[in-house]
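Hello,

Here is the structure I promised to pass on. Have a look at it first, and then read my notes below.

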Amino acid sequence: MTPLLEARGLKKRFGGNEAVSDVNFVVNAGECVVLAGDNGAGKSTVIKMISGVHAPTAGEVHFDGELLTGKTPEGVRTAGIETIYQDLSLADNLDPGLNLYLGREKIRHVLGLPFLDRAAMRRDAAEVMKGLGIELPDPAAPVRDLSGGQRQAIAIARAVHWQAKLVIMDEPTAALGVPEQREVMALIHRLKEKGVGIILISHNLPDIFAAADRIIVLARGVVGGERRPAETTDEEIVRLMMGAHA
Amino acid sequence: MPANPSLAASLLKSLLNIWSWLFLALILAFFEIYAQVETGNTFLFRVYNLQSIAIAASQILILALGLTLVIVAGHIDLSIGFTTGLAAVVMALVIRWAGPEAGWLTVIAAMLAGILAAVVIGLVNGWLVAYLDVPSFIGTLGTYGVARGAALIVAGGATVSIRSDEARAIGNGDIAGFPVPVVVAIVLSVICHYLLTHTKFGVHTYALGASRASVERAGVDVKRLLILLFVISAVTAGISGLIYTGRFSAGAANAGEPILLYAVAAVFIGGASLTGGQGTITGTVIGAIIIAVIQFGLVFSGLPPYWQFVAVGLVIIVAVLVDQSKTRMIGGRT
């Protein structure tokens with residue numbers, strides 16, 4: 001099976017500082033790969049090289065049979081990779097429907113004049129959310145009235161709705177309470193069932209073990225080790241994060 | 001926010017949402033009772049009074065419409081006061097150059113020239129904010145000065161008076177019994193309301209006010225959006241200048257100065273917030289009417305006209321307090 005995404009020899013230098021030295025890994029469809037590592041290990045830099053924000057100094061990324069390196073963030077999204085940042089990039093004052101369609105709104109014409117089709121967008125949002133196992137109490141309420149887990153679900157719904165094949169999630173549970181963290185974990189499992197590949201950035205051990213099919217530990221800009229959750233322990237992952245070589 | 005807000009809290013919230021309507025009803029009732037008791041006359045049910053209020057409100061409103069869009073996007077446009085003046089002076093100069101025989105064609109060309117001058121200011125504002133990342137408060141304060149200077153320079157420091165029946169008709173004529181400025185204000189309000197609530201442009205404006213990242217990552221061209229917003233703001237300010245020149249048969253550099261603050265106030269009384277992301281055209285319309293009622297009502301009741309500044313100032317403070325308690329009730333903006 002060819003992997004969904006393959007990163008080969010990624011390197012990024014900022015001035016004299018080498019943030020990422022040599023990173024190789026693959027992600028398969030329907031698989032959740034966790035990029036684990038301490039602050040400054042290079043997790044974010046790796047993600048930004050995939051999502052098109054940074055151009056790698058060396059190395060390349062292949063996705064779904066095409067070369068991804070050199071594409072703009074827009075191009076990467078069109079190719080089928082959706083990145084969900086910690087701030088979720090939601091417009092808090094708009095309802096879930098408008099957030100789902102932001103930038104690609106549904107329009108209907110009345111007497112030749114274009115009007116937003118708010119009702120249709122709301123219906124679609126409620127449906128996509130239902131598919132993720134979340135029932136919205138009031139589909140017309142602005143997103144700021146929703147819980148942290150529900151807001152995360154809208155960001156994920158956006159990826160699902162626009163047919164993303166790979167979703168990158170940056171510390172999705174960092175700002176959430178325990179019940180909401182569980183909701184997000186459930187969302188990740190549903191995404192996997194849909195055959196979506198996931199790259200999850202985290203340094204939270206329970207999250208890592210709950211979500212990962214494979215754990216890739218970054219330390220000082222290189223892959224310090226790759227483990228399956230069943231074959232490793234908390235202590236080993238921490239040791240790898242600290243930079244000990246296995 | 002709690003999952004089940006109590007009945008009292010949700011009632012309070014809806015009251016806060018319609019406070020400007022209540023406030024308008026309250027001051028209308030106040031002036032009506034005052035008129036009945038003091039003079040035995042009616043305040044509200046007299047065509048002359050209503051017309052005066054409508055014209056005063058229209059002048060504020062036309063200036064405030066484009067500004068509402070800019071404020072919803074989380075920015076501000078202070079230059080509009082003198083964009084109005086610049087458009088007024090340019091229109092008057094073109095008519096004057098054409099001589100006393102200037103017909104409709106000249107007047108229309110003069111109006112286009114006035115709008116064009118306004119658009120230039122709008123483009124500069126948009127460019128400063130979108131491309132040079134200048135905070136809009138500072139950037140438009142700069143163009144406020146530039147527009148003011150430009151208007152004074154081209155007008156030679158004086159008021160440019162004109163003699164043109166066509167121009168007078170723009171400011172003082174009627175359309176189906178309604179004064180032209182009122183009709184213009186209504187038409188522009190409908191257009192701006194449509195733009196803000198029914199188009200992609202409107203959604204992106206609200207989203208930009210809430211979080212720039214949300215629109216940027218949605219692939220929206222934020223720079224283009226910002227330039228469009230400042231140009232619309234300049235155009236409505238320019239139109240208010242054209243009406244000024246028509247009304248007074250003269251273009252003056254400071255045409256918009258006395259109502260700039262009122263226009264800003266109308267937007268905030270109407271429910272907009274300095275942090276962006278909220279505000280409506282309906283709200284701004286109510287805000288402009290409230291200010292016009294206060295202005296005219298105080299004159300009507302024989303108080304020295306200076307009291308209107310105090311009264312409008314107090315209303316602005318109330319509007320901000322209402323906005324703050326609303327923000328607190330929805331659990332703050334994150």
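Two residues are counted as in contact here when their C-beta atoms, placed from the backbone, lie within 7 Å. Please keep in mind that this is a predicted model.

With that cut-off, which residues does B:V89 touch, leaving aside those up to four places away in sequence? They are B:A151, B:V154, B:A155, B:V160, B:G251, B:A252 and B:A253. B:V89 is also among the residues with the most contacts inside the largest nonpolar core, along with A:V34, A:L166, B:I60, B:L86, B:A263 and B:A266. That core has 178 residues, and helix α3 of chain B (residues 47–72) gives the most to it, with 16 residues. Domain 1 (1–80 + 164–246) and domain 2 (91–162) of chain A both contribute residues, so the core lies between them.

Now for chain B as a whole. You will find 14 helices and 4 strands in it. Its radius of gyration is 21 Å, close to the 20 Å that the globule rule gives for 334 residues, so chain B is as compact as a globular protein of that length. Of those 334 residues, 50% count as buried. Among contacts in chain B between residues at least 6 apart in sequence, 78% join residues at least 24 apart.

Finally, the interface: 21 residues of chain B are in contact with 17 residues of chain A. On the chain B side, α9 (200–210) and α10 (212–217) each supply at least two residues, and α9(B) has the largest share, with 5 residues. By class, that side has 10 nonpolar, 8 polar and 3 charged residues.

Best wishes

Terms used:
Residues numbered from 1 in each chain as written. Chains lettered and ligands numbered in written order. Predicted model: local features only at pLDDT ≥ 70, side-chain atom pairs only at ≥ 80, totals over all residues. Rg over C-alpha atoms; globule rule 2.2 N^0.38 Å. Buried ≥ 20, exposed ≤ 12 C-beta atoms within 10 Å, placed from the backbone. Nonpolar A, V, L, I, M, F, W, Y, C, P; charged D, E, K, R; others polar. Core = buried A, V, L, I, M, F, W, Y, C linked by C-beta atoms within 7 Å. Domains from an automatic or database assignment.
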